[in-house]
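Dear colleague,

I am handing over the structure we spoke about, with the sequence alongside it.

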Amino acid sequence: MTVLEIRNLSVFFSRYYNWFRKRTEACLNGLELSVGAGQLVAVIGSSGSGKSLLAHAVMGILPRNAGWSGQMLYKGELLTPQLQQRLRGRELALVPQSVSYLNPLMQVGKQVRMSGGGVRSRTELRSMFRRYGLESQVERMYPFQLSGGMMRRVLVSTATLGGAELIIADEPTSGLHAELAQETVMRFRELADEGSAVLLITHDLESVLPYADAIAVLYGGTSIEVAPAHYFSGDGTMLRHPYSRALWTALPRNEFTPPKGKPLVRPARSAAGCPYREYCESASEACRSGQIPVRRVNEGWVRCIDAT
Amino acid sequence: MKPDNLAMPDTASGGKWLNRRQRAVIAAIASAMVLFAVLGFGLALPGSGLDARLEIRNQPPSLSHLFGTDWLGRDMLTRTLKGLTLSIFVGLAAAASSVLIAAIMGLAAAMGGRYMDHIIGWITDLFLSVPHLVTLILISFILGGGVKGVLIGIAVTHWPAMARMIRAELLQLRETDYVRLSSRLGRSRWWIATRHLLPHLLPHLLTGMLLIFPHAILHEASITFLGLGLSPHQPAIGIILSESMRYLSTGLWWLAFFPGAALLLIVRSFDRVSEYIRLLIHPASAQE
Amino acid sequence: MIRSLLKFLLGKMLRLVVLLAAISILSFMMVKMAPIDPVQAYVGADLLKVSEAQREQIAAYWGLDQPPLAQFLTWGSAVLKGNLGTSMTFRQPVTDVIAERFLSSLALMVSAWALSGLIGFAAGAAAAMNRNTWVDRMIHWYCYTLAATPAFWLGLLLIMVFSVWLGWFPLGLGVPAGMAADQVTLGDRIYHMFLPALVLSVTGIATIALHTRQKLAEVLDSDYIIFARARGERGFGLFWRHGLRNIALPALTLQFASFSELFGGAVLAEQVFAYPGLGQATVQAGLRGDVPLLLGIVLFSTCFVFAGNMIADLLYTIIDPRIRSRDGGDPLEAG
């Protein structure tokens, strides 16, 4: 069952570009994505590419000067602000990326229990903390007193408390050493195996690869390819988009050649054409204009006119 | 595809013919014009409006005397403009002296070594520990009032916050590469202070002056109002207002209303202009 | 916890003693430089004729024929014994004048302090919650205008409107004129205090409102508010738990740290309304050259400001668990 389906999602900000004029800037542009129950889908994109905005858009907690267009479906139902409000903290859970997402002046336990518009019972919290190997005294600690590992477990635990059906994790492994990163991703795998749909947003392809069902590659503010995780193997020929292949070969265990060109963080000035065309060896005139259509290939899809 | 959801509160202003910044610039220019107009009129007006003309005393505001006349028949508009001009000059001088003290203290604290830093920090605390107005009264009393007392009093009470800011700025600056390089090259502290630090500080000093001036002018009016500032023979807003107290119960409302409102207008206009200038000096604060 | 509190208080007391000593020396030296004849000032204006012999007698009695250092030591040791001298203006010991006047000022200052805190906090919170709307702009405009308004002029306006035109409030003074002290009711006092308190509160509103607005706006932009919303918190509950709780105590702290402005404002408000408080006494001491009273008020107002700052410091350590644990207290004990 598809839990979340995102069609043609764009997120934009309005800001001043000089002293006098305001401009609307797109950060995400025509993004497509879906995740089913029991699935762990990793969204890979370079840092600062607006991946967090994807999470915030789904949760309905974008900043005030941001807007979005497109469609988001939750279990086939259109995600409206009202529906988002009803689901947040219950069926919809966000696992944030750092300690700054906890109120520094409030005890950890109190914050975690406050979820889904009500206060969860202390016993519920206890049993959940026990699951993640957190001692009961952690409840009464303040965020600044937690170690990195404890912090991560507390943040992950917030998602389990409500029995969420869609869990969105925003960079849950950033700043963690390899071992802790593995442990964290494994916890999300567990949650997926228990039936939740998990969307794991990260820039760290390597640590999610062993646990993910599918990988969505983000480039230039849009999703350029969604492929099963096992496509990322061998010399990467199963991958259709040149940028996905470049990402794969850039990993230390492969050839370790970084992708050509600088990572394109924001969509180009004109949204037309393929964002990767400047660095693509087989780019043609056709890559420069129009919306590149999505092609279904085997188990995934790609946004490239060369793909077969 | 047609957007299903457009939630952009801020773009709503895009349709209007002026956005917030354009309005800010216009407000700043208008305020500057008010300031210059007051200064210009205050300096250019003939002193004849200040002569006593008992036949037209206590007249309410009219076309020939916009602010009315007082109990000696003096034109209140002239008195107000002259008073404001004096206040502006006293305020500017006091703010400038205050910034000078702050710069010296800040420089000494940042560049004079740890011992000096402690002493100046302590002096700063000392000056913050007595209420400003009490210090002002004490200093005015000691110097026997007058312009000198007010000037020194305001200069002495308004520097601490500014000095702290300068010190912090300098400590940061001292760690930059080019200053370190100079000191490796054997330049003296004085050379570094005047060639590298001072030019960098100038915009901060200007900002400080812009921030202190409104306080200075209000404090001048206050202390004069209390009878410890400028002398009763000078056309000062504080004097005008304290004299007006005697006529409050007789219904001569214009004696107090217009001069005070004019002072408010001046301070407010100055705030506007200073906000704009600060935005120009420190554009980092522009993106909002 | 108790031990660290004691340590804190002891340290503060030590600082206060050093501070008062420095202020005493400085202000005594400055007063000695004043171009007024101390004997004339001590004698007062009503005894104009004083012969040369009498002058010398007075000077000797007050120790004015001694060198400044000896004079300071005499004055200083008297101060240490709690004797601040005699006020010439009020013909009373300075300590009595300050105590009596301060009590009357205290009622005024406390009500103005509370009023400005409440109004300022509410306005700031309203502005932050309606950021960049007309509500926000109005409150900003209002705050900047208040900050640019001479408080004493505002007092004059209020007198003109409410006392002269409408006749709702008295023209000034702390109690009805010509009434014996024991006949004055609490209602009379509040009635006479209303306008001065209103004027005095105005000085504090802008600071607290702008501070609250900025802090609350920061909180509303913070990651933890995003996450709280993501957990389904909303509406007033969200605002209360993460907004108000995080900014209310810092705002209160700021209020305590503003005793200096409060005292200065009281001087002006009391002068305008002829309210018989410490502020008015300060002005009279300055105008009439009542040196003992002036020095006494300088020292007293220093203590007053110091007390406010100390409470602010104390509050800070209580609010923020980070500071609390740094000071060695056990964070698990609290809450």
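This is a predicted model: local features need pLDDT of at least 70, side-chain atom pairs count only at pLDDT 80 or more; totals for chains, interfaces and linings use all residues.

I begin with the contact between chain B and chain C, to which chain B contributes 38 residues and chain C contributes 49 residues. Together the two chains bury about 3,800 Å², and 80% of that area is on carbon and sulfur atoms. Charged pairing across this contact comes to one salt bridge, in which the side chain of Arg15(C) meets that of Asp125(B) at 3.8 Å, N to O. Polar contacts between chain B and chain C amount to four residue pairs, counted with both residues at pLDDT 80 or more. On the chain B side, the elements that each give two or more residues are helix H3 (113-128), helix H4 (132-143), helix H8 (189-225), helix H9 (237-244) and helix H10 (254-281). Of these, H10(B) gives the most, with nine residues. Sorted by class, the side of chain B that touches chain C has 26 nonpolar, seven polar and five charged residues.

Within chain C, the domain assignment gives domain 1 as residues 38-83 and domain 2 as residues 94-329. Five residues of domain 1 of chain C are in contact with five residues of domain 2 of chain C, and the area buried between these domains is about 380 Å², with carbon and sulfur atoms giving 75% of it.

Returning to chain B, helix H2 (residues 76-111) and H3(B) have axes that come within 6 Å and cross at roughly 145°. The residues that meet there are Met105(B), Ala108(B), Ala109(B) and Met111(B) from H2(B), and Gly113(B), Met116(B), Asp117(B), Ile120(B) and Ile123(B) from H3(B). In terms of class, the contact of H2(B) with H3(B) is made up of seven nonpolar residues, one polar residue and one charged residue.

Over all chains the structure holds 20 salt bridges. One in chain A joins the side chains of Glu171(A) and Lys51(A) at 2.6 Å, N to O. This pair links distant parts of the chain, 120 residues apart, with Glu171(A) in the loop between strand E9 (166-170) and helix H6 (178-193), and Lys51(A) in helix H1 (residues 51-59).

Also in chain A, Arg253(A) lies in the loop between helix H8 (242-249) and strand E13 (295-297). Leaving aside residues up to four places away in sequence, Arg253(A) touches Glu206(A), Leu209(A) and Trp248(A). The C-alpha atoms of Arg253(A) and Glu206(A) are separated by 9.3 Å, although these residues are 47 residues apart along the chain.

With best wishes

Note on methods
Residues are numbered from 1 along each chain as its sequence is written. Chains are lettered from A and ligands numbered from 1 in the order in which they are written. Side-chain values use heavy atoms; hydrogens and water are left out. Contact means heavy atoms within 4.5 Å. Buried area is the accessible area (1.4 Å probe) that two parts lose on being put together, summed over both. A salt bridge is a side-chain nitrogen of Lys or Arg within 4 Å of a carboxyl oxygen of Asp or Glu. A polar contact is a pair of N or O atoms within 3.5 Å; within protein, one must be able to donate a hydrogen and the other to accept it, and residues adjacent in sequence count only if both atoms are side-chain atoms. Helices (H or I, at least four residues) and strands (E, at least two) are DSSP runs, numbered from the N terminus. Ala, Val, Leu, Ile, Met, Phe, Trp, Tyr, Cys and Pro count as nonpolar, Asp, Glu, Lys and Arg as charged, and the others, Gly among them, as polar. Domain bounds come from an automatic or database domain assignment. Axes are lines fitted to C-alpha atoms, for helices over the stretch in contact, and angles run from 0 to 180 degrees between N-to-C directions.
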